[in-house]
Amino acid sequence: MTDGDDLLQLALGAYAEGDLDSAEQHLRALVVLQPENAELRHALGQLLLHRGQAEEAAVCFQTAVDLNPVALPYLYDLALAQAEAGRYAEASGPLYQCLGIDPAYPGAKLALACVDAAQRRYDSARERFKEAFADEPDAPAACHAWVERLLQQGQAGEAFFVLELALAAAPNDRPLRELQRSLQTQTVDFGQTLTVDATPAKLRRVVIEVTTWCNLDCPGCFRTQSIAAGHWTNKHIAPETFAKIVANLPPCRQGVLHGIGEPTMHPRYLELVEIAKASGRFDSLVCNTNAQARNIDFYRAVIEKGLDFFQVSVDSLTPEVAAVTRAGTDVEKLRRNLAEFHRLGLPFSVQMVISRLNYDDIDLTLRALDAMGPCTVNIQPFVDSDATHNALSKDMAARFLDKIRHLAGQMVNLNINAGGFYHFGINRREPYVPLCTSPWFDPAVNVDGFMMPCCMHWDPQTLGHSNLSETSFAQAFGSQPVQAFLDGYMRTSPNFCARCSENVRCLAAGNG
Ligand SMILES: C[S@@+](CC[C@H](N)C(=O)[O-])C[C@H]1O[C@@H](n2cnc3c(N)ncnc32)[C@H](O)[C@@H]1O
Ligand code: SF4
């Protein structure tokens, strides 16, 4: 036997006994002896990949490919190692080469689908998964293995998208469904693990709709649209009902004292703030307001009673634009009030909604706000709640975020946050969370006390008319209708999430 044969026997023996250190040592020695032997490079690469050294494995596979560019296992393993190293874009190359030589090479179509999904190339991933599931009998098992590998490497976001897009092609594959569910239930958000049937110890945010009255007719608002459709009731919450709701809540980081409607129109709003403050339930209390219904003294009083800050909704300070975004706004009065809030040093920020209607005017508004003094401006995407189609497209949203980054650098006084757009995948949430956790941590309560899964959706039927003025949050959360909703929510996004900019799962469904 040659030295090489001896070494190979030693390497194989060590590998069989699980002594990977010795096996690697012998293989490396062999590679030095026979540098042109592609098969040895390939074997060493496989060993390294097995040991989790994806970068080094990729180097070995690349050399093997250079030595023999038509050996399909080399190309396939090179792609695998590159993907494991997180270099998805590069991994597509060897897979294309592999499929170019043998369009039916086992696992290659599926691998290309996974690589596309991990890069969030939604359209092509969806198509490739369809093909792989149709042509390759082992595709679901291989997909399972891909997801497991990604998870082991801490690439939970990529694993999630591989699963979402694979399931779009094979919705009934039970092992993939179960894997998705286990991935979701391991989700940690807001410091808590998401458990379907365990009541959260603390809530992140609770929105309580104190009134459904309003003094404006913003065309994009759910209230305005519901009035037009003939199903809206104007109503103030009774302070007694409000107190019962508050008493039934667990501790919350933030209490939001407005729903759909202008909170300051509630004739006993100061009392409500006092009740919420005295309950000790909330780390902080806030509300949004159009700053059109009350005088400055009211806002001073609201802060004295315990509101920590308020957010003034300003979509534009140009009268023509305000007339179409926030109809009924007296822009002069809005400017005066903002100036007064500054002068009195009241704790407030500005809440802006960006749509096609104020897209071109946003620079002007931000510059005007900047000239008024130091202020935080939170910009959130407009959500089409009917067929207005005024929400930004993905391209516009990307351009908008660029524009804001550029503008933020020019502002002297403004601290600008442009959130959301997670449904387009262009403004990634960090740390990555595979699904919106609002139904666990951000419930809303309507003016009648009915609990909602989030503040985007106001149908009491969704959670079986669970009423927080009559029952504790824990009881409501554990009830059959709420559990059934959460169970379904784990499986797929409900229809009302379709246009929400917080919905990362929109991507797999077709938004990308
Ligand atoms: C419904 S309002 C209630 C509070 C108060 N009336 C106000 O306008 O500030 C709460 C927030 O939702 C925003 N909003 C209304 N319609 C929206 C939509 N279609 N998409 C996104 N945000 C919207 C408003 O601009 C406001 O900042
Ligand atoms: S002011 Fe607020 S509640 Fe009133 S219509 Fe506008 S967005 Fe809706």
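The model is predicted, so local features need pLDDT of at least 70 and side-chain atom pairs count only at pLDDT 80 or more, while totals for chains, interfaces and linings use all residues. Residues are numbered from 1 along each chain as its sequence is written, and chains are lettered from A and ligands numbered from 1 in the order in which they are written.

Nine strands form an open sheet in the order β9-β8-β7-β6-β5-β4-β3-β10-β11, with mixed pairing. Here, strands (E, at least two residues) and helices (H or I, at least four) are DSSP runs numbered from the N terminus, and two strands pair if DSSP finds at least two bridges between them. Because β9 (414–418) and β11 (451–452) each have a single partner strand, they stand at the edges, and one side of each lacks a neighbour in the sheet.

Strands β8 (residues 375–381) and β9 run parallel and are joined by five bridges; Asn 378 has Asn 417 in β9 as its bridge partner. Helix α18 (residues 362–372) lies across β7 (348–354), β8 and β9, running at about 160° to β8. Helix α19 (residues 394–410) packs on the sheet too, touching β7, β8 and β9, and its direction makes about 165° with that of β9. Axes are lines fitted to C-alpha atoms, for helices over the stretch in contact, and angles run from 0 to 180 degrees between N-to-C directions. Contact requires C-beta atoms, placed from the backbone, to lie within 7 Å.

Turning to the arginine, Arg 41 lies in helix α3 (residues 38–50). Arg 41 is buried because 26 other C-beta atoms lie within 10 Å (buried, 20 or more; exposed, 12 or fewer; partly exposed in between; C-beta atoms placed from the backbone).

Note on methods. Contact = placed C-beta atoms within 7 Å.
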